[in-house]
Amino acid sequence: MSKGISFSPILIALILASGLLVYLYLPTDVEEQRQKPSATPVTAYTMVKEKFPVTVEALGTANANESVMLTAQKSDIVQSIEFDDGDLVKKGQLLIKLSDREERARLNELDINLQEAKRQLKRIDNLAQKSVASAQLLDEQEANVKALKAQLEVAKAQLEELELRAPFSGLLGVRQVSLGALVMPGDLIATLDDLHVIKMDFTIAESHLPSVRKGQQVSATSVAYPGETFEGEISSIASRVDPVTRAIQIRAIIDNKELKLRPGMLLQIHLEKEILETLTIPEGALVPIEDKQFVFVIEDNKVTRKEVKVGLRKPGIAQITSGLQEGEQVVIQGALRLREGSDVNVLSMHTSQG
């Protein structure tokens, strides 16, 4: 028969007392923890004056510095083609030669006649000095030589019209003729563009006119080259404002040595109007209520809601014109979870928009 287990009356009393204490005090502590609000974690920003560039944005169209459609001047057969599609050519470089057998034969004939006329002129001049030939005969031969020289110049010009040469250095487009083809005056041979410099035309509202000037720096971006910026400067400002749109045309020059930009491309223009020294804040700090803007200012780990006036804006950044002072700390992340007087736990502090 097993021996029974006995408990001391003192041990039993201690166990009962401990249970009573847990019952009386534990729920109260849990309730107090539930009622005590926890500090909200936030990211803060110290207000400082920073440079705030005021820019004007516009859409512009890229144009070649020089652009021409190369066409034939005379009707004839294409004798030779001296270029390929997309070639970079120099000024004066031969591109197309038309059949010139007849013109060259005429040129040779005139050259022979001119040489003979010069010999006759020299012989008559010698005779005139000896009073053997009359002055009238000498004058007639001199006039004959001049006439042949003039005809020779005309023949050379006609021969040059059968040669198409690059009027300036640039990039050729797609060839539009073939060897042996009959071309007529005005027929397109190819296009030629000087792309080492791009002329960028855009318009801005007349209200911005006082802040633009020749030589002012501009920048441009293109969807074709994400993340790349092309720098240039204003070269001319139109003399008139469009009476319909109330806009004025601006032309800027952009260096394009790498030939990345092409005529007809759409460019996003950024024109720096002025640089302000002002208080700015990340837009995430603003709490809009109806038509007003508020921020939460931190002081002694508590927040106070303040109304602010917002001026100019840029993507992600807003100018503060009133309501805040330099050195104040505001909540820039976590503001939507706050209310007046909330306790906050500042996880990190920023002192610059960068």
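Is lysine 302 buried, partly exposed or exposed, and what is its relative accessible area? Lysine 302 is partly exposed, with a relative accessible area of 39%, where buried means under 20%, exposed over 50% and partly exposed in between, for a 1.4 Å probe and protein chains only. The model is predicted, so that local features need pLDDT of at least 70 and side-chain atom pairs count only at pLDDT 80 or more, while totals for chains, interfaces and linings use all residues. Residues are numbered from 1 along each chain as its sequence is written, and side-chain values use heavy atoms, with hydrogens and water left out.

The protein holds three helices and 19 strands, taken as DSSP runs numbered from the N terminus (H or I of at least four residues for helices, E of at least two for strands). Of its 354 residues, 33% are buried. Among contacts with a separation of 6 or more, 75% are between residues 24 or more positions apart, a contact being heavy atoms within 4.5 Å. The exposed surface comes to about 22,400 Å², of which carbon and sulfur atoms supply 52%, the areas being computed by the Shrake-Rupley method with a 1.4 Å probe, and only the protein chains shown counting as cover for residues.

Side chains of opposite charge can pair when their charged atoms come close. The structure holds twelve salt bridges, each defined as a side-chain nitrogen of Lys or Arg within 4 Å of a carboxyl oxygen of Asp or Glu. Lysine 302 takes part in one of them with aspartate 343, the closest N and O atoms being 2.6 Å apart. This pair links distant parts of the chain, since lysine 302 lies in strand β16 and aspartate 343, 41 residues apart from it, in the loop between β18 (329-333) and β19 (344-350). Aspartate 343 is partly exposed as well, at 28%. In another salt bridge, arginine 104 meets aspartate 100 at 3.0 Å between the closest N and O atoms; arginine 104 is partly exposed at 35%, whereas aspartate 100 is buried at 5%.

Arginine 165 and glutamate 163 also form a salt bridge, at 3.2 Å from N to O, with arginine 165 partly exposed at 41% and glutamate 163 buried at 16%. Glutamate 163 also belongs to the lining of the largest cavity, together with residues including Thr71, Ile96, Leu98 and Ile189. On a 1 Å grid over the protein atoms alone, a cavity is a set of points where a 1.4 Å probe fits but cannot get out, whereas a pocket is an open set with protein on both sides within 12 Å along at least five of seven lines, and lining residues have an atom within 4 Å of a point. The largest cavity holds about 60 Å³ of space, a volume being the space filled by probe spheres set on the points, which are joined across faces, edges and corners.

The largest pocket holds about 150 Å³, and β2 (49-71) and β16 (302-314) each supply at least two residues of its lining. Strand β2 gives the most, with five residues. One of the lining residues is Thr55, whose C-alpha atom is separated by 5.1 Å from that of lysine 273, 218 residues apart along the chain. Lysine 273, found in strand β13 (residues 266-282), touches Thr55 and others including Val54 and His208, not counting residues up to four places away in sequence.
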